Amino acid sequence: MKTVTDNAQQKCKLDDYDVISDILGCHKTLVKLYAEAIIECADENLRELLHTLMNECAADQYDAFRYMNENGMYETTCADCNEITCACEKYCSCSANC
């Protein structure tokens with residue numbers, strides 16, 4: 001005899017894509033939240049801790065992205081060399097003037 005829980009689980013099956021997409025999205029959000037906490041924090045020790053946690057989270061996010069990319073779940077295209085050069089010139093010159 002099936003219970004209500006059994007029926008709910010049957011209707012709500014998650015595949016690899018569903019799970020890894022949620023993981024990727026959560027890690028992206030966490031990295032942003034850690035960054036915001038860092039720029040609002042005055043205590044140096046807490047800033048260092050938050051920075052460490054943000055870097056670990058970013059590494060986990062990249063692992064999730066790589067898994068998706070390698071399994072055809074998150075396709076990317078290579079940027080044209082001219083586009084990369086233009087972006088570098090645009091943003092590198094901006095930071096040099098700051």
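Tutor: Buried means under 20% relative accessible area, exposed over 50%, and partly exposed in between (1.4 Å probe, protein chains only). This is a predicted model, where local features need pLDDT of at least 70, side-chain atom pairs count only at pLDDT 80 or more, and totals for chains, interfaces and linings use all residues. Residues are numbered from 1 along each chain as its sequence is written, and side-chain values use heavy atoms, with hydrogens and water left out.

Student: Is glutamate 70 buried or exposed?

Tutor: Glutamate 70 is exposed, at a relative accessible area of 61%.

Student: Which residue does glutamate 70 form a salt bridge with?

Tutor: Arginine 66, with 3.9 Å between the closest N and O atoms. A salt bridge here is a side-chain nitrogen of Lys or Arg within 4 Å of a carboxyl oxygen of Asp or Glu.

Student: Where do glutamate 70 and arginine 66 lie?

Tutor: Both are in helix α3, 4 residues apart, about one turn of the helix. Helices (H or I, at least four residues) are DSSP runs, numbered from the N terminus.

Student: And how many salt bridges in total?

Tutor: The count is 2. Aspartate 63 also pairs with arginine 66, at 3.3 Å, N to O.

Student: Where does that pair sit?

Tutor: Aspartate 63 and arginine 66 are 3 residues apart in helix α3 (residues 44-70), so about one helical turn separates them. Aspartate 63 is partly exposed at 38% relative accessibility, and arginine 66 is partly exposed at 35%.

Terms used
Helix = DSSP H or I, 4+ residues; strand = E, 2+ residues; numbered from the N terminus.
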